[in-house]
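Here is a model to read closely.

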Amino acid sequence: MGRNAMDLAAKRIVVTGAASGIGKESARMLRERGATVIGLDRKQPANGLVDQFIRVDLTEFESIGRAVNAIEGKVDGLCNIAGVPPTASIATVVTVNFIALRYLTERMLDKLADGASIINMASLAGVGWPDSIEQVKRFIAEADFNNADSLCEELGIDEERSYFFAKEVLRVWTMQNWNTWRQRGIRVNAISPGPVETPILADFLETLGERAEEDMGVMGRAGTVEEIAPIVVFLCSDDSVWINGTNIAADGGMQAHVMRQVHGF
């Protein structure tokens, strides 16, 4: 048999949100494939889940800086999986789900090995980005830790819209940067799950109500972390080196359903 590119024994991978949900399962599967996993989270992951734990608060850029400084040596993958649901404040939603993610990624660039893979956990909620492109472009150009609230207010982003908007921004930013670090062989991709059985699923149902229930009704159930994490592992592996700047829908077909409704085919 030839080489197994899904064997990650030589790779060091950073996973944010490693203590729960998709991040937890991704960390477990990455270690199962032999990777050395550095987990970043506010909470301590379960024993044996990661090789190194670094505490971080993604609402504070100083905390992110300290976390990055604590990572020693080169890293082959950065899995930006940590996120907050729409029950959080507008500023927290857009900060954790995009502003902090971008800042962490930029701070990690010097620590990423040539050929590294960046994976951003987006969402089916970001499917409407083409209709919001001017708002999205302005947010990417101007947003920082200090102006999240005021900029969202200027752009008309309210509590109901904040999560959708943050994921739209993340999907566009992923595409924008497909070749930003190409000379070093660093690629960046996004994964967009639909509703997933995680500890924050109840928060989504509380906030989105009938909309989320309808989504799950179309598919018959929510997805599971065991169905999303293998895509993270694949994008960290050498089997995925020609995938760059793309978004992988991992929603059981929900995006196709939405596109049929929107475009009438």
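Q: In this predicted model, what do the buried residues of helix 2 pack against?
A: They pack against strand 2 (36-41), strand 3 (52-55) and helix 3.

Q: Which residues of helix 2 are the buried ones, and what makes them count as buried?
A: In helix 2 (residues 61-69) they are Ser63, Ile64, Gly65, Ala67 and Val68. Buried means under 20% relative accessible area, so each of these residues falls under that cut-off.

Q: Which residues meet where helix 1 packs on helix 9?
A: Gly21, Ile22, Glu25, Ser26, Met29 and Leu30 in helix 1 meet residues of helix 9 including Val225, Ile228, Pro230 and Cys236.

Q: Which members of the largest nonpolar core touch the most other members?
A: The core has 52 residues, and Val14, Leu40, Ile71, Phe98, Met108, Leu112 and Phe139 touch the most other members. Helix 3 (residues 90-108) gives the largest share of this core, 11 residues.

Q: What does Ile71 touch, leaving out residues up to four places away in sequence?
A: Ile71 touches Val14, Ile38, Leu40, Ile54, Met108 and Lys111. Another core, of 27 residues, lies apart from the largest one; Val15, Ala18, Met29 and Leu49 are among its members.

How values were computed: Residues are numbered from 1 along each chain as its sequence is written. This is a predicted model: local features need pLDDT of at least 70, side-chain atom pairs count only at pLDDT 80 or more; totals for chains, interfaces and linings use all residues. Side-chain values use heavy atoms; hydrogens and water are left out. Contact means heavy atoms within 4.5 Å. Helices (H or I, at least four residues) and strands (E, at least two) are DSSP runs, numbered from the N terminus. A nonpolar core is a set of buried Ala, Val, Leu, Ile, Met, Phe, Trp, Tyr and Cys residues joined through side-chain atoms within 4.5 Å. Buried means under 20% relative accessible area, exposed over 50%, partly exposed in between (1.4 Å probe, protein chains only).
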